[in-house]
Amino acid sequence: CLHSLPLANSPSQPSVNISRATKMVSDIGTIRLVVEDIGEAVTRNINGAQILHELLSAPWLHALLKIYECLIQFQKIKPNPFLPYASGLSYEVAPHPSPEARELFGLLSSPHMQALLSSHDSVAQADYLPVLPPLPDELPEDEEAMRIVCLVKNNQPLGATIRRDEETGEIYIARVIHGGLADRSGLLHPGDLIVEVNGNPVVGLDPAKVIRILTNSTGTILFKVIPNSTQASSNQKPVYMRAMVDYCPRRDSSIPCPDAGMSFSRGDLLEVVDQTDAQWWQARKLPCGASFARLIPSASTLKRCKQREHWWCQPLHTHTCMRPRKDSSKITYDPTNKHMNRTVPSAGFRRSFHVWKRTSYKRRRQSCSSCSPNSSALATPYEEVVLYQRPPQENHRLIMLVGASGVGVNKLRKRLIKLNPSTFQGPVPHTTRPMREGEQMGREYHFVTKELFEYMVCNNRFVEYGENKGHLYGTSFDSIDEVLKHGRMCIVDAESHSIPLLRTRKLKPFVIFIKPPSPERLRQTRRNATIMVNDTVNRAFTEEDFVELEEVSRLIEAKYKQFFDSILVNDGLQDACMKLCSVIHQAQNEPQWIPVSWILQQEE
Ligand SMILES: Nc1ncnc2c1ncn2[C@@H]1O[C@H](COP(=O)(O)OP(=O)(O)OP(=O)(O)O)[C@@H](O)[C@H]1O
């Protein structure tokens with residue numbers, strides 16, 4: 001780049017001293033002289049000189065040249081190894097009684113210092129580079145077609161799979177794993193025909209035998225390959241996906257190479273680095289630990305094999321509602337109201353909403369439609385995601401707290417709002433019950449007629465709704481919008497089955513799963529706590545409550561974990577509340593992974 005600087009001394013160019021300019025790469029002083037010359041030319045208003053002056057006086061160019069000079073010097077003066085000198089010095093100072101000598105001896109014999117010096121010596125002597133064996137004397141005549149590839153194994157797998165052409169017996173490279181040894185060498189590609197491995201002809205061999213030769217070779221492996229002339233370039237940009245299903249390659253008989261496969265669970269974030277094969281993609285799990293990718297089934301492969309429950313585990317068809325307190329079973333949602341049932345998915349409430357008591361947990365387990373998996377949300381095995389940072393002028397993301405009934409979702413939500421009512425707020429619910437004394441329209445509730453409520457139900461305006469003592473209660477999308485519109489953060493505590501309903505581009509919900517602590521801590525921390533068994537009666541937690549809370553919590557996590565953005569253990573209340581504040585702060589102000597569809601629709 002430096003050699004191509006426009007310094008030619010043509011009549012139309014400024015009269016820059018060329019002999020100085022050509023030497024500048026090795027002399028930082030020269031560049032100063034060039035700058036001065038050009039500076040003069042600028043004052044004489046010579047065309048183009050201004051640009052050149054700016055370029056040559058740029059600090060980054062000076063820094064680059066400095067680095068360049070250091071490197072040139074380093075090439076000339078090879079640093080000496082220090083370790084032998086340090087050992088001699090410590091030997092000399094060891095018998096010396098002075099405190100300085102003892103300190104120096106201590107320093108020189110410390111393992112960290114020795115490791116540092118040893119690393120220095122390795123770098124100084126450049127003895128980290130692999131030594132490749134000389135090329136074979138007899139190179140094949142058809143040099144054009146044959147490629148000799150020498151790889152140093154380095155305790156890593158080769159990062160390539162092979163296949164045999166059953167008709168010809170020829171062995172080909174089937175797949176090169178992104179980031180693996182073969183990929184990093186840049187010398188082996190899918191479709192290359194392997195002729196020899198370490199001098200052994202491989203044509204006609206069983207692929208397992210070829211693999212054995214490869215695994216048994218230590219140090220360097222010498223391949224003779226005929227390169228694939230029709231190589232497709234796989235310079236793909238990584239795509240990020242959230243797994244919506246569980247996958248285990250060991251239980252998948254269709255995977256071409258189980259050893260190269262990667263297992264994942266719902267909710268895992270995957271960096272898909274190669275989608276050239278329509279059936280098997282290459283991916284890494286994030287946060288990225290491994291340098292090389294592994295095989296995962298493509299979305300279409302997973303969809304095709306959807307029925308094979310043994311390795312694509314659909315979210316459990318389990319019910320996550322908590323059974324009612326024995327003393328509250330008389331109050332139920334009215335299943336005879338066919339109109340409401342038909343038009344909206346039947347929705348539930350948290351017990352702390354105090355408006356709807358559920359029918360028997362065990363009875364509803366087989367029948368409740370509200371808790372069966374939402375088909376559209378589960379239709380795709382991967383959800384493409386993108387890092388999203390909320391722009392300050394946009395509404396806050398909806399904060400959704402979910403968890404088993406009794407785990408403390410409502411308590412945490414109320415604490416948060418009390419802590420900072422100007423920042424956090426809950427949506428005001430709607431009800432058909434008459435307004436009581438001291439209540440205000442739109443403060444405690446939006447008091448509406450039954451007709452209006454049912455109209456809203458029919459128009460899917462409620463996230464959740466239910467009935468208690470003949471009155472309807474519900475949380476509407478509009479009341480959530482109302483909070484967000486005023487610049488506040490809207491905190492909702494909803495049933496887990498409402499998550500897919502709330503996952504919209506507009507609300508961009510950040511879902512926090514509230515999890516119980518260890519069994520011991522749960523019983524210890526809730527020793528003096530009470531739960532509500534009907535609208536008015538509180539009683540202490542029983543052992544049965546704890547067992548049920550833990551079971552329901554496990555079920556919710558198993559079924560909905562792919563939607564959780566964060567998991568918070570509600571151990572000590574104070575601590576949990578602080579952690580919640582910090583998670584919410586991150587959700588609103590730091591980049592987070594969200595479905596790419598929430599952004600795409602926005603741009604359309
Ligand atoms: N970390 C905690 N330590 C001690 N007690 C707690 C803690 N978290 C919640 N509690 C108590 O547990 C009881 C149940 O909490 P809360 O009403 O918030 O449950 P919930 O998850 O909202 O369930 P539901 O919606 O069914 O009421 C309350 O008495 C609450 O004070």
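**Aromatic pairs and a positive patch**

Lys-411 is partly exposed, with a relative accessible area of 47%. That value falls in the band between buried, under 20%, and exposed, over 50%. Keep in mind that this is a predicted model.

Lys-411 sits in helix H14, which covers residues 409-419. On the surface, Lys-411 gathers with Lys-414, Arg-415 and Lys-418 in a patch of positive charge.

Now to the aromatic rings. A pair of rings is described by two things, the distance of the centres and the angle of the planes. In this model the count comes to 11 aromatic pairs. Take Phe-453 and Phe-462: their ring centres are 4.4 Å apart and their planes are at 25 degrees, so the pair is stacked. The cut-offs behind that are centres within 6.5 Å and planes under 30 degrees apart.

Are these two residues buried or exposed? Phe-453 is buried, at a relative accessible area of 0%. Phe-462 has 4% relative accessibility and also counts as buried.

Next, Phe-513 and Phe-564. They form a stacked aromatic pair, with 4.6 Å centre to centre and 5 degrees between the planes. Which parts of the chain does this pair link? Phe-513 belongs to strand S19, residues 510-515. Phe-564 is in the loop between helix H19 (543-560) and strand S22 (566-569). The two are 51 residues apart, and the pair links distant parts of the chain. Both Phe-513 and Phe-564 are buried.

Last item, a cluster. Tyr-247, Phe-264, Trp-281 and Tyr-382 are linked into one by ring pairs.

Terms used: Residues numbered from 1 in each chain as written. Predicted model: local features only at pLDDT ≥ 70, side-chain atom pairs only at ≥ 80, totals over all residues. Heavy atoms only, no water. Phe/Tyr/Trp six-rings, centres within 6.5 Å; stacked < 30°, edge-to-face > 60°. Buried < 20%, exposed > 50% of the residue type's maximum accessible area, 1.4 Å probe, protein only. Helix = DSSP H or I, 4+ residues; strand = E, 2+ residues; numbered from the N terminus. Patch = residues over 30% accessible without salt bridge, like charges linked within 9 Å, V, L, I, M, F, W, Y side chains within 5 Å. Areas by Shrake-Rupley, 256 points an atom, 1.4 Å probe, with all protein chains shown as cover. Salt bridge = Lys/Arg side-chain N within 4 Å of Asp/Glu carboxyl O. Lys, Arg positive; Asp, Glu negative; His and termini not counted. Charge placed at Lys NZ, Arg CZ, Asp CG, Glu CD.
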